[in-house]
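Subject: Structure handover

Hello,

Here is the structure you were waiting for. My notes on what turned up in it follow below.

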Amino acid sequence: MPTAILTGPPVPGSSIEGDLRSLGFDVVPAADAADARTLLAAAPEGERVAVVDARFVGHLHALRLGLTDPRFPLAAVPGAVTAQPAGRQALARALAGESTTAGGTTLLGGLADRIAAALDADGTEVHRPELGSLAAAVPADPQARNEARQAVATVDEEAVRLQSAVKSRDGFFTTFCISPYSRYLARWCARRGLTPNQVTTASLVTALIAAGCAATGTRGGFVAAGLLLILSFVLDCTDGQLARYSLQYSTLGAWLDATFDRAKEYAYYAGLALGAARGGDDVWALALGAMILQTCRHVVDFSFNEANSGDTDATGITSPAAALSDRLDSVGWTVWLRRMIILPIGERWAMIAVLTALTTPRITFYALLIGCAFAAAYTTAGRVLRSVHRTVRRTGRGAQALADLADSGPLAEALAGRLRRLTARPPLGSRAALALTGAVPLLAAAGVTSYGSALPAAMAALYVLTSAAAVAQPLTGALDWLVPPLFRAAEYGTVLLLAAKAEVNGALPAAFGLVAAVAYHHYDTVYRIRGNAGAPPHRLVRATGGHEGRTLLVAVLATLLTGAQFTLALTALAVAVALVVLAESIRFWVAAHKGGAPAVHDEGEPA
């Protein structure tokens, strides 16, 4: 159980002890700084410890924000400071300094704030939550205490807590059509002891049922699928709001939320394709195209953001595009319009649900492909314009993130060692141009030749060479963040085109399964990087062949095998990749959760 060390003499009428116990703390009083140091040493290892001033006056939720958020090793609000196990050593040092200064004398108050100040002076990062209208103070006299209590009484604490449960930046549909009531559902879940992970799982199950309804191919099934998809999205919003409402953040929860979002959407695509097939309409190519386009959109987002993350020079980009964006942000309606046209998850799922219920799967996929293509062109063009005005070379974390996202296998690594002498100046210095040089001929060959032609295999061999050249030097150029998305488009697109050319029943569904398995691996790589856990182990990349190895293998199989044999090969490859990446991913995230990895709460991408 967490321990709260209450410092200073008790204040008549104070609710601080009860408040701390309601937050799950075992409250123990300390007579002086030396006593507090002894109590800190005696607190159970592996548990949170807090030092709280007995004179504290404020809202319970202010204490909750300051003392129970699992994302931060050290945190403080006025009158209270807390440390998780990772921060207890720093807290002990600060408290030891106070004990030495005080010489064991009776505490006169203010110890918690002095400890927080000592931590700051020592250069230790202490999280201080944004309290907004919530009150948190340590009054020095009865008059100040009465004023602080009046300040507490004038604020509707529950309304503030509900509002803070809603994501600060979200899409139009989510903000105005879902969050106004889903926050109350989050509160209902919190009061019944439900966890965000349970709500996340319920959202996944609901989406899978929706996919099953869509797979029936009946009008009633399509209507039910649309309604259930909206319900799944409501639950998807609720799990994050529940996490913020009750501060139940975790590494495992962030991974489940992000991973299940992709699983739900792509399973629904498969359900629509199955339903269409029951009606005699084969839309598997459209379903796979939609998944490829959506995944490549996300990789563009991830690559651009991760490439520029942590580098002050990289993020401080000034360009006409950035200046225009800033001006548009000053006009309220343009902000919402721009959030809508990028088709974030709320708008996208709402569109899919309505079109599923009212039209056909083919029309649904057409609309989805057109909308996502426009959104992808809009966001990518803006980022390219921002990047071309960048005058400094990317360093450190950004370049490493791009290298990890590239997913280069043993073939590219072996060749890259021999290609490192390539000049760093354009055109060979433009890594995105090198990647494009390999991707375009490969996709063209797969698209224009008949099934069984050797040309796609030859172009796949060239793709291996250009892919190696693209990553032979660190990806520090202004447009090098485009390299991972180009690799994804080349690999996924090749699988789609070759499966479509096979013209055999089951080839496209098998290709859908393969791309889904590989895409999961790529998403998992992003989530590990975002969680500061590093990329997946190199043995996993080697075991799955890397993007260039898989692309070459699929192209060679299409050359050597009949359509039916190619379908079986794609199915076997999909199962093998899925088993390997899922086993490693689940092992890693469960171990990270059990090992006490820092809790995270990724607000996620709007798209």
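Predicted model: local features only at pLDDT ≥ 70, side-chain atom pairs only at ≥ 80, totals over all residues.

Helix α22 passes helix α26 in a left-handed crossing. (A crossing is left-handed if the near helix is turned anticlockwise from the far one by less than a right angle, and right-handed if clockwise.) α22 spans residues 483–502 and α26 spans residues 563–594. They pack at an angle of about 145°, with their axes 9 Å apart. Axes are lines fitted to C-alpha atoms, for helices over the stretch in contact, and angles run from 0 to 180 degrees between N-to-C directions. Leu-498, Ala-499 and Ala-502 of α22 make the contact with Gly-563, Phe-566 and Leu-570 of α26; contact means heavy atoms within 4.5 Å. By class, that contact has five nonpolar residues, one polar and no charged. (Ala, Val, Leu, Ile, Met, Phe, Trp, Tyr, Cys and Pro count as nonpolar, Asp, Glu, Lys and Arg as charged, and the others, Gly among them, as polar.)

Residues are numbered from 1 along each chain as its sequence is written, and side-chain values use heavy atoms, with hydrogens and water left out. Helices (H or I, at least four residues) and strands (E, at least two) are DSSP runs, numbered from the N terminus.

Next, α11 and α23. Helix α11 (residues 251–278) packs on helix α23 (residues 507–530) at about 160°, with the axes 11 Å apart. That makes α11 roughly antiparallel to α23 (angles over 145 degrees count as such). The crossing is right-handed. Among the contact residues are Trp-255, Arg-262 and Tyr-269 of α11, and Phe-512, Asp-524 and Tyr-527 of α23. The contact divides into nine nonpolar, one polar and two charged residues.

Tyr-523 of α23 also has an aromatic partner. Phe-302 and Tyr-523 form an edge-to-face pair, 6.2 Å centre to centre with 80° between the planes. (Rings of Phe, Tyr and Trp, its six-membered ring, pair if their centres lie within 6.5 Å; planes under 30 degrees apart count as stacked, over 60 as edge-to-face and the rest as tilted.) Phe-302 lies in helix α12 (residues 284–308), so the pair ties together parts that are 221 residues apart in sequence. The whole structure has 16 aromatic pairs.

Now the sheet. It is open, with five strands in the order β2-β1-β3-β6-β5 and mixed pairing. Two strands pair if DSSP finds at least two bridges between them. β2 (26–30) and β5 (74–77) stand at the edges with a single partner strand each, so one side of each is left without a neighbour in the sheet. β3 (residues 49–53) and β6 (residues 80–83) pair in the antiparallel sense over four bridges. Val-49 stands opposite Ala-83 in β6.

Helix α3 (residues 60–67) lies across β3, β5 and β6.

Best wishes

Key
Parallel < 35°, antiparallel > 145°, perpendicular 65-115°, else oblique.
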